[in-house]
Number of protein chains: 2
Amino acid sequence: MTLAIVLFGHGSRDPAWRRPMDEVARRIRAQDPALAVECAFLELQAPDFPAAVDALVTRGVSRIRVLPMFLGVGRHAREDLPHLVRAAEARHPGVVLDVTPSIGELDEVLDLLATLATRQP
Amino acid sequence: MTLAIVLFGHGSRDPAWRRPMDEVARRIRAQDPALAVECAFLELQAPDFPAAVDALVTRGVSRIRVLPMFLGVGRHAREDLPHLVRAAEARHPGVVLDVTPSIGELDEVLDLLATLATRQP
């Protein structure tokens, strides 16, 4: 079972917007060069979620972990993404997708942000 | 010089969206109960940035550190926020505002996200 990671973010008209997501992907690849990692976007940037998943499955991936790159917990993480995941599972029987909590729900992220906010510049 | 922290985020129609920001504010207050910490929003949620700053200045704050809670680096962090900061400085001569990089530009945040993405569930 070949695992891949999809970093799923909102997307923006601004091409520079995705830079932090690309940088997280780069660091994951540096940690584990064998791991397939893709960014995918809800709107305005490519690839969208279906295209990213389909490309990974074509490369032989059978398990995909999705990290929602949303700091706020809103409709995109709670509604749009589950819908996209169900559609991907329907297109690819036998491929397992699991979705982690959004980054704004991860205890370690909240702790780090609180620490960085009060760090002396 | 009394320091305050403003966590500045986008805002959403969804009331639950701000929960992670409120949680970061809570953790900062837990670390340092004497520190004034406020969330402020670009749109759709209250208080907005001017209201948050004005309230802090009324409470005697003379230095405000702003942490832009944007993962993507786009127009909100690069254009909207600097405009709001300049307007606040014009309203409050003698009050110093400094803006940290957006959370998506902080090396520690990117490293943590890469680590969490590959952590075994």
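Predicted model: local features only at pLDDT ≥ 70, side-chain atom pairs only at ≥ 80, totals over all residues.
Local features were taken at pLDDT of at least 70 and side-chain atom pairs at pLDDT 80 or more, whereas totals for chains, interfaces and linings use all residues. Residues are numbered from 1 along each chain as its sequence is written, chains are lettered from A in the order in which they are written, and side-chain values use heavy atoms, with hydrogens and water left out.

The two chains are related by a rotation of 180° with 0.0 Å of shift along its axis, which superposes chain A on chain B with an RMSD of 0.0 Å (least squares on the C-alpha atoms of residues with pLDDT of at least 70 in both copies). This is the relation of a two-fold axis. The same surface serves both copies, since 100% of the contact residues of chain A recur in chain B.

At the interface, 42 residues of chain A are in contact with 42 residues of chain B (contact being heavy atoms within 4.5 Å). The area buried between the chains is about 3,600 Å², of which carbon and sulfur atoms give 62%; buried area is the accessible area, computed with a 1.4 Å probe, that two parts lose on being put together, summed over both. Between chain A and chain B there are 16 residue pairs in polar contact, both residues at pLDDT 80 or more. A polar contact is a pair of N or O atoms within 3.5 Å; within protein, one must be able to donate a hydrogen and the other to accept it, and residues adjacent in sequence count only if both atoms are side-chain atoms.

The elements that give two or more residues to the side of chain A that touches chain B are β1 (3–9), α1 (19–31), β3 (63–68), α3 (75–91) and α4 (107–118) (DSSP runs numbered from the N terminus, helices being H or I of at least four residues and strands E of at least two). The largest share, 12 residues, comes from α4(A). By class, this side has 22 nonpolar, seven polar and 13 charged residues; Ala, Val, Leu, Ile, Met, Phe, Trp, Tyr, Cys and Pro count as nonpolar, Asp, Glu, Lys and Arg as charged, and the others, Gly among them, as polar.

Over all chains the count comes to 25 salt bridges (a side-chain nitrogen of Lys or Arg within 4 Å of a carboxyl oxygen of Asp or Glu), and the count between chain A and chain B is 10. One of the pairs is R27(A) with D111(B), whose closest N and O atoms are 2.9 Å apart. R27(A) lies in helix α1 of chain A and D111(B) in helix α4 of chain B, so the pair joins two chains. R27(A) is buried at 13% relative accessibility, whereas D111(B) is partly exposed at 37% (buried being under 20% relative accessible area, exposed over 50% and partly exposed in between, with a 1.4 Å probe and protein chains only). Both residues belong to a network of salt bridges that also links E23(A), R26(A) and D107(B).

D14(B) forms a salt bridge with R78(A), with closest N and O atoms 2.7 Å apart. D14(B) lies in the loop between β1 and α1 of chain B and R78(A) in helix α3 of chain A, so this pair also joins two chains. D14(B) is buried at 14%, and R78(A) is partly exposed at 41%. R119(B) and E108(A) likewise meet in a salt bridge, at 2.5 Å from N to O.

Within chain A, the side chains of E38(A) and R59(A) meet in a salt bridge of 3.0 Å, N to O. This pair links distant parts of the chain, with E38(A) in strand β2 (residues 36–41) and R59(A) in the loop between α2 (49–58) and β3, 21 residues apart. E38(A) is partly exposed at 25% relative accessibility, while R59(A) is exposed at 54%.
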